[in-house]
Amino acid sequence: MAKSDKKTIFSGVQPSGTIHIGNYLGAIKNWVGLQDKYDSIFCVVDYHAITVKQEPEELGRNILDVVKIYMASGINPEKSVIFRQSDISAHTELAWILNCAAARVSDLNKMTQFKDKAGQEKENVSVGLYDYPVLMAADILLYNTDLVPVGEDQKQHVELARTLARRFNSRYGEVFKIPEVEIRKEGARIMGLDEANKKMSKSASPANYIALTDTPEAAAKKITRAVTDSGKEIKYDKENKPAISNLLTIYSLLSGEEIKELEKKYQGKGYGDFKKDLSRTVGEFLTTFQKKYNSFEDDEVREILKEGAEKARPVAEETLGRVKERLGIKNS
Ligand code: AQP
């Protein structure tokens, strides 16, 4: 990567299943606007995906599909670096070093995403799932990242990256830049369609999410069946009307209409009318999105990943080299 005066952003998506509009509205959509202002690095975090079981053939497919989703969303590989995490071994090397030289069991015991994902199975899930936030810290810290644009569920993990960076710096001298988290207010936590008190999630049932690859008809069916709240009013009130507030957020972010305008538009109308129009808005978005998504070839994507890794690797290796020097494990 050519050195510039711009600040650096880093973020990623796991190729762990079907990418949904929560991933898009909470993260990817925001990256598009940031790529002109920042040196931007967008990773496909495949080593994160294998913290839970993946089918090998599907994983290979999903990696290429995530890149297509980045590009269909407007991430331009001419402006931004797009690469696959497993192509740069410095990620796992630095994660191990941070495990030993900065992270504590007590840090990881606080991670709420692990508690949510492991649930009752916390003694039987992989050690990788538990250690996931340390690998994420390595991802971020390798690139002297200034800003990490993510959805709200990742806030705690970015805070851990800051803690680990500070701890390492105070013990071994300044090596890591302390990154800031960037969370947009709107869309930071899109909730499930079938359960409005839980975030929309790839690993939930398909009724929970609208996939970016859903047909408009499939999406409309899911919206029709989406849970609603008591009362008839179309009103944004997260506390008392979490389901309608979530649908209003999706509608507003995809249409560009303010929530206040939407509330006015549906005054005196019922959930049926609202859902019909929301389905149309979502359908139009998906049709345009998928046209772009389907225009990319696998070989083109492989080339983008290769070039991206070639640009990112020297930066990662330079940081890792400094870390190893501080630890006394380089050139001894
Ligand atoms: N529901 C959501 N609302 C807003 N943002 C979200 N993100 C995820 N879910 C929502 C953001 O999407 C980016 C990529 O997420 P990830 O691939 O790291 O997966 P995740 O955060 O673990 O959540 P998923 O997509 O639901 O996957 P599973 O089911 O595997 O946990 C991140 O910036 C994230 O904040």
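Colleague: Which residues of helix α7 are buried?

Modeller: This is a predicted model, and in α7 the buried residues are Leu-129, Asp-131, Tyr-132, Pro-133, Val-134, Leu-135, Met-136, Ala-137, Ala-138, Asp-139, Ile-140 and Leu-141. Because 12 of the 15 residues of α7 are buried, the helix is largely enclosed by the rest of the structure.

Colleague: Where does Asn-144 lie, and what is its phi?

Modeller: The general idea is that most residues other than glycine have a negative phi. Asn-144 is not a glycine, yet its phi is positive, at about 50 degrees. Asn-144 sits in the loop between α7 and β4, the latter being residues 147-149, and with a relative accessible area of 24% it is partly exposed.

Colleague: Which helix has a residue with a positive phi of about 85 degrees just after it?

Modeller: That helix is α10, and the residue just after it is Gly-256. Helix α10 runs over residues 242-255, and its 14 residues reach 20 Å from the first C-alpha to the last, close to the 20 Å expected at 1.5 Å a residue.

Colleague: Is α10 mostly covered or mostly uncovered, and what covers its buried residues?

Modeller: Helix α10 is mostly covered, with 12 of its 14 residues buried, and among them are Ile-244, Leu-247, Leu-248, Ile-250, Tyr-251 and Leu-253. The elements that cover these buried residues include α1 (21-34), α11 (259-265) and α12.

Colleague: How should I read a pair of aromatic rings, and how many pairs are there here?

Modeller: A pair of aromatic rings is described by the distance of the centres and the angle of the planes. In this model the count comes to 15 aromatic pairs. In one of them, Phe-285 and Phe-289 have ring centres 5.7 Å apart and planes at 35 degrees, so the pair is tilted.

Colleague: How is the chain divided into domains, and where are their C-alpha centres?

Modeller: Domain 1 is made of 8-182 + 297-327, and domain 2 of 206-292, with C-alpha centres that lie 30 Å apart. Between the two domains the buried area is about 1,100 Å², and carbon and sulfur atoms give 79% of that area. Ile-21, Leu-25 and Ala-72 supply 49% of the area that domain 1 buries against domain 2, more than any other three residues. As for contacts, 10 residues of domain 1 touch 11 residues of domain 2.

Colleague: Which residues does Glu-186 contact, leaving aside its neighbours within four places in sequence?

Modeller: With those neighbours left aside, Glu-186 is in contact with Leu-25 and Leu-253. Glu-186 lies in the loop between β5 and α9, and at 46% relative accessibility it counts as partly exposed.

Colleague: Which other residue has its place in the loop between β5 and α9?

Modeller: Pro-206 has its place in that loop, between β5 (180-182) and α9 (216-225), and it is partly exposed, with a relative accessible area of 48%.

Colleague: Is Gln-113 buried or exposed, and what does it touch?

Modeller: Gln-113, which lies in helix α6 (residues 112-118), has a relative accessible area of 10% and is buried. Not counting residues up to four places away in sequence, Gln-113 touches Tyr-132, Asp-153, Gln-154, Gln-156, His-157 and Lys-199. One of these, Tyr-132, takes us back to the buried residues of α7.

Technical notes: Residues are numbered from 1 along each chain as its sequence is written. This is a predicted model: local features need pLDDT of at least 70, side-chain atom pairs count only at pLDDT 80 or more; totals for chains, interfaces and linings use all residues. Side-chain values use heavy atoms; hydrogens and water are left out. Buried means under 20% relative accessible area, exposed over 50%, partly exposed in between (1.4 Å probe, protein chains only). Helices (H or I, at least four residues) and strands (E, at least two) are DSSP runs, numbered from the N terminus. Rings of Phe, Tyr and Trp (its six-membered ring) pair if their centres lie within 6.5 Å; planes under 30 degrees apart count as stacked, over 60 as edge-to-face and the rest as tilted. Domain bounds come from an automatic or database domain assignment. Contact means heavy atoms within 4.5 Å. Buried area is the accessible area (1.4 Å probe) that two parts lose on being put together, summed over both. The expected span of a helix is 1.5 Å times one less than its number of residues.
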